[in-house]
Structure formats: C-alpha cells, structure tokens
Amino acid sequence: TTPEHTAEARTLIGADAFLAPEHKAVLTTDPEKARAVGRKALESYLNLANYLNSWKRLGFTDQEVAKPGSDRLVDAVVAYGTPDDIAARLKEHHSAGADHVPVQVLTGPDKLVSALAKLAEPLDL
C-alpha cells in the first residue's frame with residue numbers, strides 16, 4: 001500500500017489500534033527492472049476489486065490500475081533503489097502513522113538473505 005493509504009487508515013482506526021501496512025521492495029536502482037519485477041508481483045492484485053477501488057480512492061485512474069499497471073502505480077506500491085532509498089520510502093509509512101511496516105522483498109530465494117541484510121542497516125534493525 002502507499003503511505004497516503006496508511007495515513008487514511010490511521011485516521012479511520014484511531015491512535016490506539018495497531019497499524020502494519022505492507023510495502024513491497026526491489027533492491028535495484030534500475031527503474032525498468034524494478035517495475036518489471038513489481039508488475040509481476042502486482043498481477044494478481046490487478047484482478048481484485050478491493051485493491052482496484054482502494055487505489056482509485058487514492059487518486060489512481062482506471063487506466064493506471066488496468067493491467068499491467070502504470071509506472072505511477074508501480075512506483076507508489078513498490079519501493080526500489082538503494083537500501084537508503086527504500087528505507088526512506090518505508091519510513092514514510094511510520095510518519096503517516098504506521099506502528100510497523102512489513103517488507104515484502106521481491107527477489108529470488110537465493111538472494112533474500114543478502115537483500116534483507118542490505119536493507120537492515122538503514123532501517124536500524
């Protein structure tokens with residue numbers, strides 16, 4: 001989800017409820033590669049009315065949420081770049097009211113531990 005959605009959720013559920021919005025991440029500074037990986041991960045979501053309606057409430061158009069998903073949509077729901085870039089994006093959720101941000105790292109299983117280790121430092125984990 002997006003930090004804007006997180007802010008809306010915080011307003012709706014109040015200050016005392018635990019809020020943990022998930023955000024996808026790809027460790028690459030190549031936007032085209034990140035978007036290709038992100039689009040693959042978003043394929044099933046682009047068939048679900050609840051996700052499509054939620055994104056539309058956030059200001060995305062019908063064309064942006066149609067398969068394969070616009071660059072703007074993918075960039076909003078998939079963080080990519082350096083570990084510091086990704087950490088900054090994830091921290092936007094905390095600023096918007098999240099208590100915890102689960103990170104779905106989009107990578108092969110053979111690279112997952114390495115990717116998590118790279119992300120841990122700027123996230124202060």
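Student: What share of the 125 residues of the chain counts as buried?
Tutor: In this predicted model, 39% of the 125 residues are buried.

Student: And how many helices and strands does the chain have?
Tutor: The chain contains 7 helices and 3 strands. Starting at the N terminus, their order is α-β-α-α-α-α-β-α-β-α.

Student: Why can one call the chain as compact as a globular protein of that length?
Tutor: Its radius of gyration is 14 Å, close to the 14 Å that the globule rule gives for 125 residues, so the chain is as compact as a globular protein of that length. The C-alpha trace spans about 35 × 35 × 20 Å along its principal axes.

Student: Let us turn to helix H3. Which of its residues are buried?
Tutor: Helix H3 covers residues 49-57, and its buried residues are Leu-52, Ser-54 and Trp-55. Viewed down the helix axis, the buried residues of H3 fall within an arc of 165°, so they line one face of the helix.

Student: What do those buried residues pack against?
Tutor: They pack against four partners: helix H1 (3-13), helix H2 (31-42), helix H4 (62-65) and helix H5 (71-77).

Student: Which exposed residues are on the face turned away?
Tutor: Asn-50 and Arg-57 are the exposed residues on the face of H3 turned away from its buried side.

Student: What follows H3?
Tutor: Gly-59 follows H3, and the phi of Gly-59 is positive, near 105°.

Definitions and conventions. Residues numbered from 1 in each chain as written. Predicted model: local features only at pLDDT ≥ 70, side-chain atom pairs only at ≥ 80, totals over all residues. Heavy atoms only, no water. Helix = DSSP H or I, 4+ residues; strand = E, 2+ residues; numbered from the N terminus. Rg over C-alpha atoms; globule rule 2.2 N^0.38 Å. Buried < 20%, exposed > 50% of the residue type's maximum accessible area, 1.4 Å probe, protein only. Arc of directions from axis to C-beta. Contact = heavy atoms within 4.5 Å.
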